[in-house]
Amino acid sequence: MYVPPAKVERSAMGRISEEMSLEQRTDPGPPPSTWSAYATKSEEHGGVVAMMDLLIADLDKEMTAMTTQEKDDQAEYEAFMAEAGDKRAADSKSTEQKEGEKADLEAALVKLQQDHKDTSKELYLKEMEIKDLHLECDWLIANFEMRKSARAGEVDSLKKAKAVLSGADYSLVQTAASRGLLRGSAQ
């Protein structure tokens, strides 16, 4: 009934750590034979100093390049800002001009609308006048013959009245038209 414990999986770091601890327990042995005794070397420190001087010179070059680049970028930025300011001013002027044109066009539109309204009213009045004249003409055409005969009778009556005033006697003369009128009035 014994159940062995589960096998522990180790990570790569765990294995490396365990292997290193095993190596530390073992004696590394004597140093390699290529190492010699410590000796001062007078020329080798000059290589390090030269390397440091080279690094300083490289840093100075980089700083000079960065300073030059920064000045160029600053000049480019200032030119861009000046150009942007000019563009803003031009856009502002253009906006003002367009707003002025818009106001002028709106005023012209209002005037044209009023002119259209006035013209439409005048047209309506002219059409009504023409309609009234047309109705009057239609009535005159329809009643032309009757008015013509009435006018002729009126002219004849005026001539007779003139003759009566001149001394002629028409008192006993009756015409057919006047007899019909007398009979119609008597009835």
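This is a predicted model: local features need pLDDT of at least 70, side-chain atom pairs count only at pLDDT 80 or more; totals for chains, interfaces and linings use all residues.
How many residues apart are Glu154 and Arg151 in helix H3, and what separation along the helix does that give? They are three residues apart, which means that about one helical turn separates them.

The protein has four helices and zero strands. Along the sequence the order of elements reads α-α-α-α. Of its 187 residues, 1% count as buried. The accessible surface of the protein is about 18,100 Å², and carbon and sulfur atoms account for 61% of it.

Helix H2 covers residues 44-142. Met51 lies in this helix and takes part in a nonpolar surface patch of about 400 Å², together with Val48, Met52 and Leu55. Is Met51 buried or exposed? Its relative accessibility is 52%, so it counts as exposed, the threshold for that class being over 50%.

Glu70, Asp72, Asp73 and Glu76 gather on the surface as a patch of negative charge. Of these residues, Glu70 is placed in helix H2. Glu70 has a relative accessibility of 59% and therefore counts as exposed.

The charged side chains also include paired ones. Side chains of opposite charge can pair when their charged atoms come close. The structure holds five salt bridges, and three of them can be followed here, including one between Lys87 and Asp91. In that pair the closest N and O atoms are 3.1 Å apart. Lys87 and Asp91 are about one helical turn apart, because they stand four residues from each other in helix H2. What are the accessibility classes of the two partners? Lys87 has a relative accessible area of 52% and is exposed, whereas Asp91, at 37% relative accessibility, is partly exposed.

Helix H3 runs over residues 144-166 and has 23 residues. From its first C-alpha to its last it reaches 32 Å, which is close to the 33 Å expected at 1.5 Å a residue. What follows H3 in the chain? The next residue is Gly167, which has a positive phi, near 120°.

Glu154 and Arg151 meet through their side chains in a salt bridge, with an N to O distance of 4.0 Å. The cut-off for a salt bridge is within 4 Å. Glu154 itself is partly exposed, with a relative accessible area of 44%.

Asp156 and Lys160 are four residues apart in helix H3, so about one helical turn lies between them.

Key
Residues are numbered from 1 along each chain as its sequence is written. Side-chain values use heavy atoms; hydrogens and water are left out. Helices (H or I, at least four residues) and strands (E, at least two) are DSSP runs, numbered from the N terminus. Buried means under 20% relative accessible area, exposed over 50%, partly exposed in between (1.4 Å probe, protein chains only). Accessible areas come from the Shrake-Rupley method with a 1.4 Å probe; for residues, only the protein chains shown count as cover. Patches are made of residues with over 30% relative accessible area and no salt bridge: like charges are joined within 9 Å, nonpolar side chains (Val, Leu, Ile, Met, Phe, Trp, Tyr) within 5 Å. The expected span of a helix is 1.5 Å times one less than its number of residues. Lys and Arg count as positive and Asp and Glu as negative; His and the chain ends are not counted. The place of a charge is taken as NZ of Lys, CZ of Arg, CG of Asp or CD of Glu.
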